[in-house]
Amino acid sequence: MGPRSHHLSLSFSVSGLGFLLLLSLLPECLGAEGRLAHKLFRDLFANYTSALRPVADTDQALNVTLEVTLSQIIDMDERNQVLTLYLWIRQEWTDAYLRWDPDAYGGLDAIRIPSSLVWRPDIVLYNKADAQPLASASTNVVLRHDGAVRWDAPAITRSSCRVDVSAFPFDAQRCGLTFGSWTHGGHQLDVRPRGTAASLADFVENVEWHVLGMPARRRVLTYGCCSEPYPDVTFTLLLRRRAAAYVCNLLLPCVLISLLAPLAFHLPADSGEKVSLGVTVLLALTVFQLLLAESMPPAESVPLIGKYYMATMTMVTFSTALTILIMNLHYCGPSARPVPAWARALLLGRLARGLCVRERGEPCGQSRPPESPPSPQPSDEGVHPPAVPCHEPRCLCHQEALLHHVATIANTFHSHRAAQRRHEDWKRLARVMDRFFLGIFFSMALVMSLLVLVQAL
């Protein structure tokens with residue numbers, strides 16, 4: 001073994017002895033720090049009570065700083081108007097009786113002790129919606145050498161929130177959480193927010209609501225029970241509903257059904273399905289209306305989607321009623337009266353050309369000119385022999401019985417043609433009315449649907 005190897009082994013031996021010496025001294029150091037913490041705890045709480053406000057002057061108000069961090073929106077119950085949140089609540093104040101010199105305790109400047117040992121402000125949620133206390137009694141507080149106390153505690157809050165669903169599903173809500181002391185007035189305890197808004201750094205995104213912000217505002221109110229003012233801090237949670245799911249599940253089916261309803265006017269009257277289509281559409285809208293009513297709270301203001309449902313159902317009801325009346329026009333028999341002159345000129349003339357209602361083989365824009373009612377044909381009593389006597393023995397004018405039968409056949413044929421023409425006129429009038437109301441109701445359904453869907457943009 002050379003000199004270099006001997007020197008390396010000696011160095012390793014010295015370093016190993018130093019490491020063992022350090023390990024032997026470490027428990028003594030830790031034990032000294034623990035003994036100092038125990039001594040500090042005994043000295044601080046020897047004559048300390050958590051029942052009284054920790055101020056040197058009883059006329060002095062204790063300042064409490066409140067900070068809220070929103071972690072998660074657990075539930076928004078629109079029917080019961082209750083908002084459930086998961087919050088982190090931080091309260092900071094100064095305890096005049098819990099101060100020490102760090103140099104006297106080995107540089108120990110902060111300790112963590114159970115919160116039940118120190119005085120705590122009785123700050124509660126004023127608009128709490130249940131009787132359960134905030135789950136924050138089991139957490140520790142951080143106590144510093146200058147008497148500053150910091151209390152961080154998670155809490156699940158259930159607060160009342162006035163929900164306005166007049167613009168559902170494109171609504172925005174404002175829910176306030178008001179924190180304040182329950183027994184201490186403003187002269188004894190003054191609560192103030194830290195910053196201008198709650199923190200959203202650790203917020204877990206909600207699938208139904210989009211959080212716009214949570215500003216904080218301090219108020220000082222005087223209640224009828226007491227003469228002194230009571231300060232409080234209100235955190236207003238600004239929410240906007242994510243409407244994509246409601247548009248796909250509730251609004252879009254209603255839009256498609258409402259656009260399908262006017263097509264009943266385009267069905268042929270002989271199909272027998274015109275009224276059935278209207279009734280089926282009305283039943284489908286009723287089912288969607290019931291599904292919406294189960295999730296919405298009973299309120300004076302009708303939701304926007306509810307108004308759309310009611311308008312659509314009213315439109316479908318009127319279209320079904322008009323379909324029944326138009327079918328009565330279509331099935332007017334040959335014994336019906338002729339179409340009135342004003343209807344023949346206005347509806348069968350101008351309106352039929354404007355709506356392109358034409359007969360088979362007739363070009364669009366050119367309709368059959370309205371015909372006047374046929375004049376009465378002469379009966380058999382009007383058949384008279386010629387004034388000049390006919391000298392031909394085989395002339396037809398001498399066959400009175402044959403002339404009578406020919407006149408009867410001619411009158412019957414003309415009567416049948418007139419009845420058929422009246423029937424065709426009523427059927428043509430029904431087609432014109434179908435085309436006219438098809439355009440009106442389809443336009444109404446399209447405009448209403450666009451007005452509702454534009455709210456989603």
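Where is Gln-81 found? Select Gln-81 and you will land in the loop between β1 (62–77) and β2 (82–94); helices (H or I, at least four residues) and strands (E, at least two) are DSSP runs, numbered from the N terminus. This is a predicted model, in which local features need pLDDT of at least 70 and side-chain atom pairs count only at pLDDT 80 or more, while totals for chains, interfaces and linings use all residues. Residues are numbered from 1 along each chain as its sequence is written, and side-chain values use heavy atoms, with hydrogens and water left out.

**Two backbone stops**

While Gln-81 is on screen, check its backbone: phi is near 55°, a positive value in a residue other than glycine. Next, select Phe-168 and Pro-169, which are joined by a cis peptide bond with omega of about 5°. Pro-169 sits in the loop between β6 (148–160) and β7 (172–181). For context, most residues other than glycine have a negative phi, and most peptide bonds are trans.

**α2 beside α3**

Now move on to the helices. Show α2 (residues 244–260) together with α3 (274–295). Their axes come within 10 Å and cross at roughly 165°; axes are lines fitted to C-alpha atoms, for helices over the stretch in contact, and angles run from 0 to 180 degrees between N-to-C directions. α2 and α3 are therefore roughly antiparallel to each other (angles under 35 degrees count as roughly parallel, over 145 as roughly antiparallel, 65 to 115 as roughly perpendicular and the rest as oblique). To see the contact (heavy atoms within 4.5 Å), select Asn-249, Leu-250, Pro-253, Cys-254, Ile-257 and Leu-260 of α2, with Leu-277, Val-281, Ala-284, Leu-285, Phe-288 and Leu-292 of α3. The contact of α2 with α3 has 11 nonpolar residues, one polar and no charged. Here Ala, Val, Leu, Ile, Met, Phe, Trp, Tyr, Cys and Pro count as nonpolar, Asp, Glu, Lys and Arg as charged, and the others, Gly among them, as polar.

**α2 beside α4**

On the α2 side, pick Leu-250, Leu-251, Cys-254, Val-255 and Ser-258; they meet Ile-305, Tyr-308, Tyr-309, Thr-312 and Met-315 in α4. By class, this contact has eight nonpolar, two polar and no charged residues.

**α3 beside α4**

The axes of α3 and α4 come within 9 Å and cross at roughly 165°. That makes α3 roughly antiparallel to α4. Residues to pick in this contact include Lys-274, Gly-278 and Phe-288 of α3, and Tyr-309, Thr-320 and Met-327 of α4. The residues here divide into 13 nonpolar, eight polar and one charged.

**Last stop: a cavity**

Which residues line the second largest cavity? Select Ala-261, Ala-264, Phe-265, Lys-274, Gly-278, Ser-319, Thr-320 and Thr-323. On a 1 Å grid over the protein atoms alone, a cavity is a set of points where a 1.4 Å probe fits but cannot get out, and lining residues have an atom within 4 Å of a point. The volume of this one is about 30 Å³, counted as the space filled by probe spheres set on the points, with grid points joined across faces, edges and corners. α4 gives the most to the lining, with three residues. By class, the lining has three nonpolar, four polar and one charged.

Note on methods
1 Å grid on protein atoms, 1.4 Å probe; cavity = no way out; pocket = protein on both sides within 12 Å on 5 of 7 lines; lining within 4 Å.
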